[in-house]
Amino acid sequence: MNLAAFPASPATPAALPCNEMPLNPSSAFSSSLLRRSLRASLRRISPMASAAAPTSAPAAATENGAAKVAEQRPVQVAKRLEKFKTTIFTQMSMLAIKHGAINLGQGFPNFDGPDFVKEAAIQAINAGKNQYARGFGVPELNSAIAERFLKDSGLQVDPDKEVTVTSGCTEAIAATILGLINPGDEVILFAPFYDSYEATLSMAGANVKAITLRAPDFAVPLEELKAAVSKNTKAIMINTPHNPTGKMFTREELEFIATLCKENDVLLFSDEVYDKLAFEADHISMASIPGMYERTVTMNSLGKTFSLTGWKIGWAIAPPHLTWGLRQAHSFLTFATCTPMQAAAAAALRAPDSYFEELKRDYSAKKAILLEGLKAAGFIVYPSSGTYFIMVDHTPFGFDNDIEFCEYLIREVGVVAIPPSVFYLNPEDGKNLVRFTFCKDEDTLRAAVKRMKTKLRKK
């Protein structure tokens, strides 16, 4: 078969730089539909309201020459996932395209990753590294992950027994939870949290408790956390630097959590995908706290650090007795991860220190543009010490909640942000907040700031 005879798929609007898409007030995605879609996410009601849920409108069918109205059937979903919707990230990215809005919502760069990493992927493909990889990772990547972890945390791990390569950090999270958490186990999260945490815990049948981090500094309420730990607590899950707040857990907070884990025989799951985007303090890996490696799973990925989010290369580092469970789950989730991209990831992780220093300088400049712009536009802006997110208070503009404000921001201003109330067990805790991302080129950030400064008005 001559595959060259088949035309390439046309570029989709999603591929266009967001600053090249004109604002389109007459979008087919109406204001009322937008409001229903976003509020459905906030309420987490029946999946029938999901913006992306398939529907079966009555349709004419012919049977024995007679017209017959087809039965309208509800969508089907397992009970453990009934309350979850199409992710807010997907919804907002779709709306950015439909409204010609600049997307400062979903955390993916609108610029490409480094050439030396892409070239390593091309070389691996041309070298024939295109079949199934070893289930827990190709040896060169496992070794590179272990080398990088030693350099960053001071901990030496066995690449074959303690490192598992996964299809992105989201799969590392899923494999860890599904491989180590039993139905009825209690897991403590810090709200707001990445939405995958709660959904995956629901699939595992876990009971979720949430400790809310509150503005302005989003500090851990230590005594509240201590009181929340019970005889049923199996694990505590942290994310540092923290999405969506930009908070970095302090050494005092990490040591307090570590003490609770050791005293109560609790596991610790640590999502550290933003470890190279720490602006105001050095990142501290929880596994490096004395006595914690033996009860910690450390999860990370390539995408954020190397602006290659579409490659979905992640990993989990854990002692052998915990690696066993997560590998069992990984084996039946994806079995193996893309082979040539693993070879390229190994090259990426062995990048010189100058790459990571330049990355931080570049993002610091982007952060300054957005931070000063948000202040000038009238937001109450909270500190962001890590990640590429900034959390703000939208209440100066007179809206009742984050959903209403984000609807207005898309429709009338032409900028997309994320309403973070969907990242709380109690959405009321996040109704005054909005999350923006600065993982965009500087022209895009300046264009978004200009729109907000021009069109937003305090009330």
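Predicted model: local features only at pLDDT ≥ 70, side-chain atom pairs only at ≥ 80, totals over all residues.
The overall figures come first. The protein chain holds 14 helices and 14 strands. Of its 459 residues, 54% count as buried. Among contacts with a separation of 6 or more, 76% join residues 24 or more positions apart. The accessible surface of the chain is about 20,300 Å². Carbon and sulfur atoms contribute 53% of that surface.

Two sets of paired strands were examined. Strands of a sheet pair through backbone hydrogen bonds, either parallel or antiparallel. Two bridges connect E11 with strand E12 (residues 389–393) in the antiparallel sense. Val381 stands opposite Val392 in E12.

Strand E10 (residues 314–317) has partners too. Strand E4 (residues 163–166) pairs with E10 over four bridges, in the antiparallel sense. Here Val165 stands opposite Trp315. Strand E9 (residues 296–301) also runs antiparallel to E10 and is joined to it by four bridges. In that pairing Met299 stands opposite Ala316. In a regular strand the side chains alternate between the two faces of the sheet. Both faces of E10 are covered. Gly314 and Ala316 are buried on one side, and Trp315 and Ile317 are buried on the other.

Helix H11 (residues 339–349) is largely enclosed by the rest of the structure, because ten of its eleven residues are buried. Among the buried residues are Thr339, Pro340, Met341, Gln342 and Leu349. Several alanines are also on the list, including Ala343, Ala344 and Ala345. The cover over these buried residues includes helix H3 (115–126), helix H4 (139–153) and helix H12. E4, H9 and E10 are also part of that cover.

Gly303 is found in helix H9 (residues 303–306). Gly303 is buried, with a relative accessible area of 8%. Leaving aside neighbours within four places in sequence, Gly303 is in contact with Leu308 and Thr309. The C-alpha atoms of Gly303 and Ala345 are 9.7 Å apart, across 42 residues of chain.

Lys366 lies in helix H12 (residues 353–377). Its relative accessible area is 5%, so Lys366 counts as buried, the cut-off being under 20%. The side chain of Lys366 reaches the backbone oxygen of Lys440 at 3.1 Å. Not counting residues up to four places away in sequence, Lys366 touches Phe111, Phe438, Lys440, Asp441, Glu442 and Leu445.

Charged pairs were examined next. Side chains of opposite charge can pair when their charged atoms come close. The whole structure contains 22 salt bridges. One of them joins Asp353 and Lys151, with the closest N and O atoms 3.0 Å apart. This pair links distant parts of the chain: Asp353 belongs to helix H12 and Lys151 to helix H4, 202 residues apart. Asp353 is partly exposed at 39% relative accessible area. Lys151 counts as exposed at 52%.

A second salt bridge joins Lys234 and Asp185, with the closest N and O atoms 3.5 Å apart. Lys234 lies in strand E7 (residues 233–239), and Asp185 lies in the loop between helix H5 (168–180) and strand E5 (186–191). The pair therefore ties together parts that are 49 residues apart in sequence. Lys234 is partly exposed, with a relative accessible area of 25%. Asp185 is buried, with a value of 15%.

Salt bridges that share partners join Arg148, Asp152, Asp275 and Lys276 into one network.

The surface also has a nonpolar part. Leu178, Met203 and Leu333 make a nonpolar surface patch of about 240 Å². Leu333 is placed in helix H10 (residues 320–333). Leu333 is partly exposed, with a relative accessible area of 40%.

Methods: Residues numbered from 1 in each chain as written. Heavy atoms only, no water. Patch = residues over 30% accessible without salt bridge, like charges linked within 9 Å, V, L, I, M, F, W, Y side chains within 5 Å. Areas by Shrake-Rupley, 256 points an atom, 1.4 Å probe, with all protein chains shown as cover. Salt bridge = Lys/Arg side-chain N within 4 Å of Asp/Glu carboxyl O. Buried < 20%, exposed > 50% of the residue type's maximum accessible area, 1.4 Å probe, protein only. Pairing = 2+ DSSP bridges. Contact = heavy atoms within 4.5 Å. Polar contact = N/O pair within 3.5 Å; in protein donor to acceptor, adjacent residues only side chain to side chain.
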